[in-house]
Amino acid sequence: MENIMPQKDPLRNDPVEESEPVCPEKRTVVPAFDRRLLDYETALDTCLSAVTESLPAETVGLEKSLGRVLRRSVESAISVPPFDKSTMDGYAVKSADVAGALDTAPVALEVIDEIPAGRVCGKILRSGQAARIMTGAAVPQGADAVIKLENTAPAGSEQVHILSGVEENNYIIYKGQDLLPGSRVAEAGATVTPSLLGLLANCGTPNVSVSRKPAIGIISTGSELTAPGTPLAEGRIYDVNSYLLYGLCIEAGGDVAMLGTVEDKSDALLALLNRHTDADILILSGGVSVGDYDIVHETLQRAGVEEIFWRVKVKPGKPLFFGRRGSTLVFGLPGNPISSANNFYLFVLPVIHKLLGRSAWGLKTGHATVCNSMIFRPGRRKFLRAQLRQGPEQGVWIFPEQRSGVFGPMVDAEVLVEVSEAAKMVREGDPVKIYYL
């Protein structure tokens with residue numbers, strides 16, 4: 001991200017000027033709010049269809065690949081492990097030699113070598129012999145088992161007593177048992193996790209091809225917004241959405257810039273929009289509904305944003321705006337943090353994932369049974385915050401507090417529970433689809 005990034009700490013907003021009274025402006029255009037609401041699937045498909053190709057790929061060193069999305073599959077160039085390896089400190093032996101060994105009747109073996117990790121024994125182990133070996137060291141030729149040190153006793157400088165029998169292959173990982181040359185380590189579209197990072201290192205991969213991070217700009221609108229750290233004037237609130245969306249976008253793999261807060265004035269918002277024109281995704285929050293001072297919708301049109309759709313049949317999050325300006329995809333999310341987060345999870349996140357070339361888009365889903373009954377007003381698809389419950393079947397406890405302006409329960413939410421438009425209630429024991437947060 002180049003021009004979009006302001007020359008400042010990306011976590012600092014440009015707050016509304018505090019020393020002057022803020023006089024929000026009314027919208028000048030009455031939105032066509034009697035239009036049909038888009039259903040969830042149609043809206044999501046529309047968002048995804050706007051992404052016609054993934055972002056360009058770039059090659060990065062392994063140490064910079066964590067959390068990035070692979071654009072090319074990775075195959076191992078070597079056997080992993082590259083030799084027969086001991087997984088225990090002890091002695092390399094022939095299992096047949098020690099089959100009858102007991103504490104009371106130990107088997108004495110000649111010690112022919114000591115093998116620390118990183119050193120290879122040049123001798124072939126023969127019947128009646130053992131080699132002292134350390135964890136991670138190469139098992140000598142002729143040995144078929146390692147007996148741990150606790151089951152042995154010293155018997156002079158050149159002998160060891162074996163105090164128990166051992167099965168063949170005990171404490172040995174054989175060459176190529178994990179990966180063979182040409183084995184697929186990771187598929188294109190996979191996200192590099194810490195475990196995958198270790199596996200890539202294990203087979204000697206120095207760098208990988210990954211998607212460029214999407215450049216994402218965030219704007220919060222509202223004459224009532226105040227930057228955290230500033231005393232609150234009467235009637236003002238702190239700007240939550242800039243930080244909430246910043247965190248969600250970073251977690252999703254974006255290169256994110258908080259472009260500032262702006263009061264409910266169309267010219268002020270237009271100037272900010274026109275200063276930042278090179279994002280892959282632009283996210284605005286607040287001012288997209290049908291209130292007298294909701295000026296975002298008409299300002300986006302003034303800024304040359306082509307509207308693709310406005311308002312969806314979901315709860316919370318009905319006033320979602322989606323459009324395009326050039327190559328930039330533009331989302332207008334509601335000002336209530338819960339509604340804003342829901343829209344992000346349901347629509348923005350899948351778009352980010354598709355831009356990145358991930359193999360799967362959006363939140364992972366599953367099924368569970370409801371642990372508590374709730375009554376609803378039908379009409380829109382609902383996505384309710386809930387916690388998981390352990391039991392014979394996976395259960396979910398739906399939070400009684402679901403109002404979009406109450407932020408606290410979001411911190412404890414582990415899943416979203418989907419409820420159909422027609423449902424008037426869910427009962428304890430009902431099966432539901434869940435989305436893991």
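**Cavities and a pocket**

Tutor: Two cavities of 30 Å³ or more are found in the structure. On a 1 Å grid over the protein atoms alone, a cavity is a set of points where a 1.4 Å probe fits but cannot get out, while a pocket is an open set with protein on both sides within 12 Å along at least five of seven lines; lining residues have an atom within 4 Å of a point. This is a predicted model, where local features need pLDDT of at least 70, side-chain atom pairs count only at pLDDT 80 or more, and totals for chains, interfaces and linings use all residues. Residues are numbered from 1 along each chain as its sequence is written, and side-chain values use heavy atoms, with hydrogens and water left out.

Student: OK, how much space lies in the largest cavity?

Tutor: About 40 Å³, where a volume is the space filled by probe spheres set on the points, with grid points joined across faces, edges and corners.

Student: And which residues line the largest cavity?

Tutor: I338, A341, N342, Y345, R385, M410, L416 and L437. Helix 6 gives the most, with four residues; helices (H or I, at least four residues) and strands (E, at least two) are DSSP runs, numbered from the N terminus.

Student: What about the second largest cavity, what lines that?

Tutor: G67, R68, V69, K213, G253 and L356, around about 30 Å³ of space.

Student: Let's stay with R68. Where is R68 found?

Tutor: In the loop between strand 1 (57-61) and strand 2 (74-75).

Student: Buried or exposed?

Tutor: R68 counts as buried because its relative accessibility is 9%; buried means under 20% relative accessible area, exposed over 50%, partly exposed in between (1.4 Å probe, protein chains only).

Student: Which residues does R68 touch?

Tutor: Leaving out residues up to four places away in sequence, R68 touches E58, V60, A190, T191, V192, V210, S211, R212 and K213 (contact means heavy atoms within 4.5 Å).

Student: Switching topic: how much space is in the largest pocket?

Tutor: About 520 Å³. Its lining has 23 residues, and L349, H353, R358, G362 and L363 lie nearest the centre.

Student: Which elements give two or more residues to that lining?

Tutor: Helix 3 (241-252) and helix 6 (337-356). Helix 6 gives the most to the pocket lining, with five residues, and helix 6 also gives the most to the lining of the largest cavity.
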